[in-house]
Amino acid sequence: MGTTAAEQLLALTPERRPGIPETLNGTLRLDAYENGSTQHWYLTVTDQHVEVSRSADPADLVLRAHRTVFDRLAAGQLRAPAAMLRNDLTVEGDMRLFVVFRRIFPGQAGARHPRDVARQVAAESSSGWDARR
């Protein structure tokens, strides 16, 4: 996609996000640091909607990383769980909201959901199986 995390956060629209569980509500703060300063992004999740603002207020889940880590996550070049396991991304608070964070940024270009891939493989296997009978 080639955009930064900041550009993607600013471009978030208020529409409903069905990928976010209906019962999951709360706040997230993204702390992106670089050259001794920190940019704060504050996300409020209510009824599958995400509202973005700029604030350093306390949040239910706080994610901290270098700005380039957030940019790589936004570009689909890095996965959030992998960044967290390598300690490139630190996470503190209600981990249930991590689901929201993972669904805000798109995956890699051309990526497909594993279930879709499995269904395609199963369909191809079964059609090949029928042809051999």
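Okay, ground rules first. Since we're looking at a predicted model, local features need pLDDT of at least 70 and side-chain atom pairs count only at pLDDT 80 or more, while totals for chains, interfaces and linings use all residues. Residues are numbered from 1 along each chain as its sequence is written, and side-chain values use heavy atoms, with hydrogens and water left out.

So, the overall layout. The chain has five helices and five strands; those are DSSP runs, H or I of at least four residues for helices and E of at least two for strands, numbered from the N terminus. Reading from the N terminus, the order is α-β-β-β-β-α-α-β-α-α. Among contacts with a separation of 6 or more, 62% are between residues 24 or more positions apart, contact meaning heavy atoms within 4.5 Å.

Now the sheet. Five strands make an open sheet in the order β3-β2-β1-β4-β5, and the pairing is mixed; two strands pair if DSSP finds at least two bridges between them. On average, neighbouring strands are turned by 20 degrees against each other, direction ignored. Axes here are lines fitted to C-alpha atoms, for helices over the stretch in contact, with angles from 0 to 180 degrees between N-to-C directions.

Going strand by strand, β1 and β2 are antiparallel over nine bridges, with E34 opposite S37 in β2. That hairpin has two residues between its strands, and N35 in the turn has a positive phi of about 50 degrees. β2 and β3 are also antiparallel, over five bridges, and T46 has H49 in β3 as its bridge partner. Their hairpin has two residues between the strands too, with D47 at a positive phi near 50 degrees.

On to the core. Of the 133 residues, 30% count as buried, which means under 20% relative accessible area, with exposed over 50% and partly exposed in between, using a 1.4 Å probe and protein chains only. The largest nonpolar core has 28 residues, and L28, L63, F70, L89, V100 and F101 touch the most other members. A core here is a set of buried Ala, Val, Leu, Ile, Met, Phe, Trp, Tyr and Cys residues joined through side-chain atoms within 4.5 Å.

Let's stay with F70. Beyond four places in sequence, its contacts include A5, L30, L63, L89 and F101. F70 and F101 are both buried. Their ring centres are 6.2 Å apart with planes at 85 degrees, so the pair is edge-to-face. For rings of Phe, Tyr and Trp (its six-membered ring), pairing needs centres within 6.5 Å; planes under 30 degrees apart are stacked, over 60 edge-to-face, the rest tilted. F70 is in α2 and F101 in α4, so the pair ties together parts 31 residues apart in sequence.

Last one: which residues does R17 contact beyond four places in sequence? L12, Q48 and V50. R17 is in the loop between α1 (5-11) and β1, and at 18% relative accessibility it counts as buried.
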